[in-house]
Amino acid sequence: MLLQPAIFLTNAIATAARWPLPIDASAHGPSLDRHLILNLWIAGGLLALVHLILLVGLLSRRRTAEPRRPWLVEYLPLSFLILLFTGLTIQAEILWAAARYTGPDPAALQIEVTGMQFAWYFRYPGADATFGRTDPRLANPGEGNPVGIDPADPNGADDFVASELVLPTNHPIDLELHAQDVIHGFAIPEMRLKQNAVPGQTIHLHFTPTRAGKYAILCTQLCGSGHYRMQANVRVVSPAEFRAWLASRQTGATP
Ligand SMILES: [Cu+2]
């Protein structure tokens with residue numbers, strides 16, 4: 001009867017020991033991982049402590065009419081826990097805000113990300129580094145204009161839209177998130193990024209990829225019947241490869 005819980009516990013410890021986090025491919029990833037692991041250790045330690053106290057209480061079975069020294073057994077630990085969790089929350093908020101509210105590097109590469117049922121599209125501003133106007137009424141994936149670039153705006157003439165996000169290593173990136181229909185969840189586990197794309201809102205997310213490779217971009221919000229296949233790739237390449245890819249796209253050649 002005790003065999004099943006024992007197997008479960010052994011598996012849980014073995015999984016935790018291997019620590020199956022995805023690899024870290026962004027500059028801000030290690031600080032988020034450190035905070036996550038610190039939280040897990042603290043929560044695990046408190047869980048063990050609570051069960052130890054419960055066990056000691058059950059086994060000792062000492063009863064007194066009035067609790068003695070309540071400040072020592074109640075108020076002091078409670079104050080410590082309030083301080084601890086406030087500190088952890090503030091630190092988590094600082095880490096979260098660093099990718100959003102601190103503002104990107106002025107030299108960051110601007111890319112517009114649009115989520116729609118059921119695909120991600122990535123618009124690059126072209127040689128003029130300026131995005132052209134868009135109009136949702138012009139959006140037509142079947143005619144090669146999935147985000148609705150307005151042909152009347154000259155700034156949009158050199159914009160191009162890719163179905164794969166290509167980024168150079170060690171260069172700051174500023175993503176501008178949009179959603180065309182419903183809420184989509186933009187997530188790249190290896191970049192430690194996760195942010196909802198909300199219709200009618202422009203949400204910025206900035207980061208620096210540090211490791212070349214190909215990683216999956218997921219949608220983490222149940223956005224409709226095709227949600228399961230709403231995926232794209234991010235390909236992080238060397239700056240020279242990125243320049244070559246950009247040049248091939250700007251001249252209209254197939255990458
Ligand atoms: Cu989606």
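Apart from its neighbours within four places in sequence, histidine 28 is in contact with Met191, Arg192, Leu193 and Phe207. These contacts, like everything in this report, come from a predicted model. Histidine 28 sits in the loop between helix H1 (3–18) and H2. Its C-alpha atom is separated by 8.7 Å from that of alanine 98, although the two residues are 70 residues apart along the chain.

Helix H2 covers residues 29–60 and helix H3 covers residues 70–98. Their axes come within 10 Å of each other and cross at roughly 160°. Because angles over 145 degrees count as roughly antiparallel, H2 is roughly antiparallel to H3. The crossing of the two helices is left-handed.

Which residues of H2 and H3 meet? On the side of H2 they are Ser31, Leu32, His35, Leu38, Asn39, Ile42 and Leu46. On the side of H3 they are Leu81, Leu84, Phe85, Leu88, Gln91, Ala92 and Leu95. By class, the residues of this contact comprise 10 nonpolar, four polar and no charged.

| Pocket | Volume | Lining by class |
|---|---|---|
| Largest pocket | about 680 Å³ | seven nonpolar, three polar and six charged residues |
| Second largest pocket | about 490 Å³ | 14 nonpolar, six polar and five charged residues |

The largest pocket is lined by 16 residues, and those nearest its centre are Ile53, Gly57, Ser60, Arg62 and Val73. The elements that give two or more residues to this lining are H2 and H3. H2 gives the most to the lining of the largest pocket, namely five residues.

At least two residues of the lining of the second largest pocket are supplied by each of H2, H3, strand S7 (193–197) and strand S8 (203–207). The largest share, six residues, comes from H2.

### Two points in the backbone

Most residues other than glycine have a negative phi, and most peptide bonds are trans. Where does the model contain a peptide bond that is cis? The bond from glutamine 117 to phenylalanine 118 is cis, with omega near 5°. Phenylalanine 118 lies in the loop between strand S1 (109–116) and strand S2 (119–124).

The other point concerns alanine 129, which has a positive phi of about 55° although it is not a glycine. Alanine 129 belongs to the loop between S2 and strand S3 (160–162).

Note on methods:
Residues are numbered from 1 along each chain as its sequence is written. This is a predicted model: local features need pLDDT of at least 70, side-chain atom pairs count only at pLDDT 80 or more; totals for chains, interfaces and linings use all residues. Side-chain values use heavy atoms; hydrogens and water are left out. Axes are lines fitted to C-alpha atoms, for helices over the stretch in contact, and angles run from 0 to 180 degrees between N-to-C directions. Helices (H or I, at least four residues) and strands (E, at least two) are DSSP runs, numbered from the N terminus. Angles under 35 degrees count as roughly parallel, over 145 as roughly antiparallel, 65 to 115 as roughly perpendicular and the rest as oblique. A crossing is left-handed if the near helix is turned anticlockwise from the far one by less than a right angle, and right-handed if clockwise. Contact means heavy atoms within 4.5 Å. Ala, Val, Leu, Ile, Met, Phe, Trp, Tyr, Cys and Pro count as nonpolar, Asp, Glu, Lys and Arg as charged, and the others, Gly among them, as polar. On a 1 Å grid over the protein atoms alone, a cavity is a set of points where a 1.4 Å probe fits but cannot get out, and a pocket is an open set with protein on both sides within 12 Å along at least five of seven lines; lining residues have an atom within 4 Å of a point. Grid points are joined across faces, edges and corners, and a volume is the space filled by probe spheres set on the points.
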